[in-house]
Amino acid sequence: MSETVRTHLRVRASELVGRNWLNTGGKSLDLEALRGKIVLLDFWTFCCINCLHVLDELRPLEEQYSDVLVTVGVHSPKFEHEADPVALAAAVERYEIHHPVLDDPELETWKAYTARAWPTLVVIDPEGYIVAHLSGEGHADGLAVLIPELIAEHEAKGTLHRGSGPYVAPEPTSGTLRFPGKALFLPAGRGSASQGENDGGTAAGAAVSGTASNGSAAHGSWLVTDTGHHRLVELGTDFQTVLGTYGSGTKGYADGPAAGDDAAARFNEPQGLVLLPEDVAAKAGYDVVIADSVNHRLRGLSLTDGKASTVAGNGVQRLLETGPARVDEDAAGFTGRLSEHPLEVSLSSPWDLVWSRKLNAVVVAMAGTHQIFSFDPLTGAVSIVAGNGLEGLLDGPAHEAWFAQSSGLAEDADGNIWVADSETSALRKLVVDNDGTVTVETAVGKGLFDFGFRDGPAAEARLQHPLGVTVLPDGSVAIADTYNGAVRRYDPSNGTVSTLARGLLEPSDVIVDHTQSAGSEPLLVVVEANQHQLVYVPIPKEAQQVDEGASQTHRPKSPVAPGPLELTVRFTAPTGQKLDDRWGDPTQLKISSTPPELLVSGGGTSVGLLRTLELSSDVPEGVLHITARAAACDGPETEDGEIPDHAACHLYQQDWGIPVLLQADGDTELVLDLRGMD
């Protein structure tokens, strides 16, 4: 038998227990009802970009093996908001999940399967036994080997039952917009309505002509990523009048004509937008850059002729930093130019964009690799601006900084870039010197598992998974505090946080509107994703002060003994892959703790997946932060044992936050599976 991650132990799968089921037509499922099928449990949470990547990785397998494979999403929430059943139902619809989902708010099934990280995959054979336990993303190739093995084995035994699965599609949401992501103001003279008026013809993407009554000519317009419809919509300043659409509305990837009913161009969950300066746009040949998130590309849109083009990204998700771009043993990453050939560079879930006057480039929140990139529309150069690719919250020089799914960007008057760092519930700042040197600072936020709804001094203030950010006229910063359903304000002059608005349904972006189209005072425009709309929100003279507490993600605590703790992270390369040792040991561990005093020794970054830690006897409990990486490449080895040139390579990475409780009779070893078995 070919090498897989299968175990020779017969471990019976635990029952699936939770609050409710989605995508089953109201029916509850159990393992007995799934007997005879290969069951793939996907432990996920809808905030997690790695979980979203796995949803897309699994789609081809679900389609190919639809008569024998049943995927069950086990939604085990990280944030408080994710435990809301209404929010979960919206997320299942938003991400077009076409398999049953178990709502597991109390982490009952999570605990039963000893899941320790998002995402985790567990494979159950048709007889109800666990055969594989996988952490992180990038496992589709290995599953493509394992599933046919299970099919052959259980067809021979007569225990495989072919036929349709239990998925029942929910009623779709209708409306002009569907889960909009980001919005961009188009000043008079730049939008499609103005183009039509200037040249005497019809605007490139026009659905109806712009008129003074909806403010399009006098005040400009708003370009919105209609993420759930896989297109862009241009709205008048009343947010009701559709001035134009871009993209066919069919999920996919295609360049070409994007405007109106004859559009052939396709997008896949577009997110951020940026309007290029007019002189740059004239030279580049397009006006707007779009973060086409699931296509892992940057797209260009000409508002003059309505054509879409690809300006950066080869469509292959960026997973492996090879050669000089890999993180070294001191956890320092490569920053600088990756390539001057933008269509050859791999990107990963670009989420938001902003034009940097100091860098003279588009700055990109590269959510999928927890980094900040830049793209020069004139030279095509793609560069890493900040972040070493490790997930977490760490400030300092750009090449050493950690980010966590950065999702919102804004430039201030000094040319610094503010970052909504969603998974750390943090507001970060890139301090950009005149020579282009970048340093990372944190204004609000503590780490991956700290969140809440608390105003006051920034050191004690808490956010919950913010996705958008903008700079207000007085220099303070407004934050789309998405999972708190609020717009928050950070004042750098006194280091305090306050609340500007509440009661919003997952605000995903916030922008200052200076058009006075809805009054004499500047307003905020909020993209209210789960209400499928844009709304005006006044900037109050007196902000609210809210304190609903600070929270941490609650997961089971592992009892461990003070003193030496032997850590093992198990990894087995899939069939047809080999560990990529061309630049040395291709495995790596990064370990730290909260509080820092918990870890007496064994912290830091070094190669290998084995480590002896020493835990303090003076700290009763804490969290071990462990990041494991392993790199493997496709193809048979050459005669000399080397990986063939141009082989496709894969990065397997997972970040664990392991809560531990120190007690004398606790465990002295900790085993984690990156790709292996419990």
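This is a predicted model: local features need pLDDT of at least 70, side-chain atom pairs count only at pLDDT 80 or more; totals for chains, interfaces and linings use all residues.
Which helix gives the largest share of the lining of the second largest cavity? It is α3 (residues 85–94), with four residues. Residues are numbered from 1 along each chain as its sequence is written, and side-chain values use heavy atoms, with hydrogens and water left out.

Helices (H or I, at least four residues) and strands (E, at least two) are DSSP runs, numbered from the N terminus. A cavity is a set of points on a 1 Å grid over the protein atoms alone where a 1.4 Å probe fits but cannot get out, and lining residues have an atom within 4 Å of a point. Grid points are joined across faces, edges and corners, and a volume is the space filled by probe spheres set on the points.

Back to that second largest cavity: it holds about 180 Å³ of space. Of its 20 lining residues, R94, Y95, W351, H465 and L467 lie nearest the centre.

The largest cavity has about 430 Å³ of space. Its lining counts 30 residues, with N50, H370, E391, Q653 and D655 nearest the centre. Two elements, α2 (49–64) and β45 (649–662), each give two or more residues to this lining, and β45 gives the most, six.

Elsewhere, five strands make an open antiparallel sheet in the order β12-β16-β15-β14-β13, where strands pair if DSSP finds at least two bridges between them. G256 has A308 of β16 as its bridge partner.

Note on methods:
On a 1 Å grid over the protein atoms alone, a cavity is a set of points where a 1.4 Å probe fits but cannot get out, and a pocket is an open set with protein on both sides within 12 Å along at least five of seven lines; lining residues have an atom within 4 Å of a point.
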